[in-house]
Amino acid sequence: MQNHNLKVIHKGDACGNDMIVKFQLSSGLEIFGLPTRNFYGGHWDLGPTWNYVVLADKPFLVDAGRFGQGKKLVDMMESVDIRPEDLEFVLISHSHEDHDGGLAELVKSTNIKVKAHVIYDLLIRKYPKKAPPGYKEDFPAKCWHCVMPESFYTKNCLGYHKVLQDLKVDKISDEKYNLGKNICSHHLPGHSPDCLALLLGEEAIIVGDIVLPDISPWPTCEELFYEVADVIKPVYTEPHAIFGLLRYIKSLKKLWEIARLHSDLLVLPAHRLYHNSHWNSLNLADRVNELLEHHIQRCAAIIEILNTEPRTADEIAQEHFEERLLEGFGSLMAANEVVSHCELLIHSGDVAVVDNGMYTAKGSANFEADIRALKSDY
Ligand SMILES: [Zn+2]
Ligand SMILES: [Zn+2]
């Protein structure tokens with residue numbers, strides 16, 4: 001952080017809530033960090049969402065905080081003399097609620113233009129005829145898979161989803177996409193099908209939730225593809241093109257390639273930039289390597305569990321994760337992690353599905369070599 005001239009403009013709490021910071025890069029480019037509160041608690045707590053204002057030739061904002069934080073974000077910007085009407089656009093890093101929940105409120109109060117990946121534009125709409133049967137008919141496609149119970153999202157998300165459905169979005173394509181002089185986005189799906197990372201010249205990269213300090217971003221499951229296939233086809237026809245751990249690892253490899261080209265990038269993640277009263281300074285290549293090792297270890301642990309006898313994802317989760325991580329909604333998150341790893345292990349030929357949705361080990365361990373050999377595909 002020291003190299004990048006970090007100035008704390010407004011102090012916050014130990015997690016960074018209420019903080020406002022400014023980075024001044026050696027080219028003179030200024031980036032403001034504006035963390036907005038999240039409502040999570042317990043052991044899966046990510047801390048606030050770090051939204052960023054980049055004062056490029058055409059200044060813009062990245063992300064809009066969670067539902068209820070749109071106006072707060074405007075107030076934070078104004079407190080440091082950033083006029084929202086001077087911003088060219090807000091870019092949404094991906095479709096998770098802690099990043100676009102405040103968007104409708106932000107757009108309503110500032111009329112700001114919205115840019116996001118083309119998949120985001122498809123997934124925020126509702127398709128009553130294509131939705132899964134039952135109460136999800138009025139929900140946008142991006143929430144059809146949500147594992148939270150109805151009571152949770154009726155309380156926390158339904159309001160903003162209804163507004164987002166009418167939003168006009170400037171669509172960003174899969175290819176490296178120019179957002180200004182020396183500023184380009186990369187589509188790096190896996191954590192979410194519409195994840196974007198934003199490279200700012202040779203100096204900084206805004207990575208959203210693709211790479212985080214302290215925590216390993218959870219990967220999607222490929223099986224989610226089939227739920228929204230009708231909505232996103234014919235553009236994306238293969239699950240692993242945009243969903244799943246395999247896809248996520250390819251995205252990590254792309255970040256590794258970017259890190260190799262630009263070795264001293266300031267990495268700006270969407271969570272935990274500041275945590276437990278200290279700054280988390282990331283070296284992009286090192287962090288990518290740590291995350292790859294983490295997934296290799298988790299795959300190995302799952303195979304070890306399956307070597308004794310076939311098990312369901314829930315059973316593997318119960319055995320693999322610490323008890324405290326399985327409390328409340330934690331057990332759903334944990335089972336999701338297991339499924340995404342098992343999908344990768346099926347690709348590598350190390351695991352198969354048997355009766356009753358149980359997974360079984362096939363006696364091989366090809367996954368590690370496969371993960372290490374994976375290319376970014378770009
Ligand atoms: Zn996310
Ligand atoms: Zn997030």
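This is a predicted model: local features need pLDDT of at least 70, side-chain atom pairs count only at pLDDT 80 or more; totals for chains, interfaces and linings use all residues.
Local features require pLDDT of at least 70 and side-chain atom pairs pLDDT 80 or more, whereas totals for chains, interfaces and linings use all residues; side-chain values use heavy atoms, without hydrogens and water. Residues are numbered from 1 along each chain as its sequence is written, and chains are lettered from A and ligands numbered from 1 in the order in which they are written.

**Exercise 1.** Identify the protein donors of the zinc ion (ligand 1) and classify its site.

Step 1. Donors are N, O and S atoms within 2.8 Å of the metal (3.2 Å for Na, K and Ca); water is not among the atoms, so sites may look incomplete.

Step 2. Four donors count as tetrahedral if all angles lie between 85 and 135 degrees; four count as square planar and six as octahedral if opposite donors are over 155 degrees apart and all others between 65 and 115; anything else is irregular. The angles among the four donor atoms of the zinc ion (ligand 1) are 92 to 167°, and the site is irregular.

Step 3. His94 lies in the loop between β6 (89–91) and α2 (97–100) and His191 in the loop between β10 (183–187) and β11 (196–200), so this pair ties together parts 97 residues apart in sequence. Here helices (H or I, at least four residues) and strands (E, at least two) are DSSP runs, numbered from the N terminus.

**Exercise 2.** Describe the site of the zinc ion (ligand 2) and state which residue bridges it to the zinc ion (ligand 1).

Step 1. Asp98 (OD), His99 (NE2), Asp209 (OD) and His271 (NE2) coordinate the zinc ion (ligand 2) at 2.1 to 2.2 Å.

Step 2. The arrangement is irregular because the four donor atoms subtend angles of 86 to 156°.

Step 3. The bridging residue is Asp209, and the two zinc ions lie 3.6 Å apart.

Step 4. Distant parts of the chain are linked by Asp209, in the loop between β12 (204–208) and α7 (224–232), and His271, in the loop between β13 (266–269) and β14 (274–275), 62 residues apart.

**Exercise 3.** Determine how α8 and α9 are oriented, and describe their contact.

Step 1. Axes are lines fitted to C-alpha atoms, for helices over the stretch in contact, and angles run from 0 to 180 degrees between N-to-C directions. Helix α8 (residues 244–261) packs against helix α9 (residues 284–308) at about 155°, with the axes 8 Å apart.

Step 2. This makes α8 roughly antiparallel to α9, since angles under 35 degrees count as roughly parallel, over 145 as roughly antiparallel, 65 to 115 as roughly perpendicular and the rest as oblique.

Step 3. Contact means heavy atoms within 4.5 Å. Among the residues making the contact are Leu245, Tyr248 and Trp256 of α8 and Val288, Leu292 and His295 of α9.

Step 4. The contact residues comprise twelve nonpolar, two polar and one charged. Ala, Val, Leu, Ile, Met, Phe, Trp, Tyr, Cys and Pro count as nonpolar, Asp, Glu, Lys and Arg as charged, and the others, Gly among them, as polar.

**Exercise 4.** Classify the packing of α1 with α3 and of α10 with α11.

Step 1. Helix α1 (residues 70–79) meets helix α3 (residues 103–110) at about 55°, with axes 7 Å apart; α1 and α3 are therefore oblique to each other.

Step 2. Their contact has three nonpolar, three polar and two charged residues.

Step 3. For α10 (residues 313–320) and α11 (residues 330–347), the axes come within 8 Å and cross at roughly 110°, which makes α10 roughly perpendicular to α11.

Step 4. Ala313, Asp314, Ile316 and Ala317 of α10 contact Ala334, Ala335, Val338, Val339 and Cys342 of α11. These residues divide into eight nonpolar, no polar and one charged.
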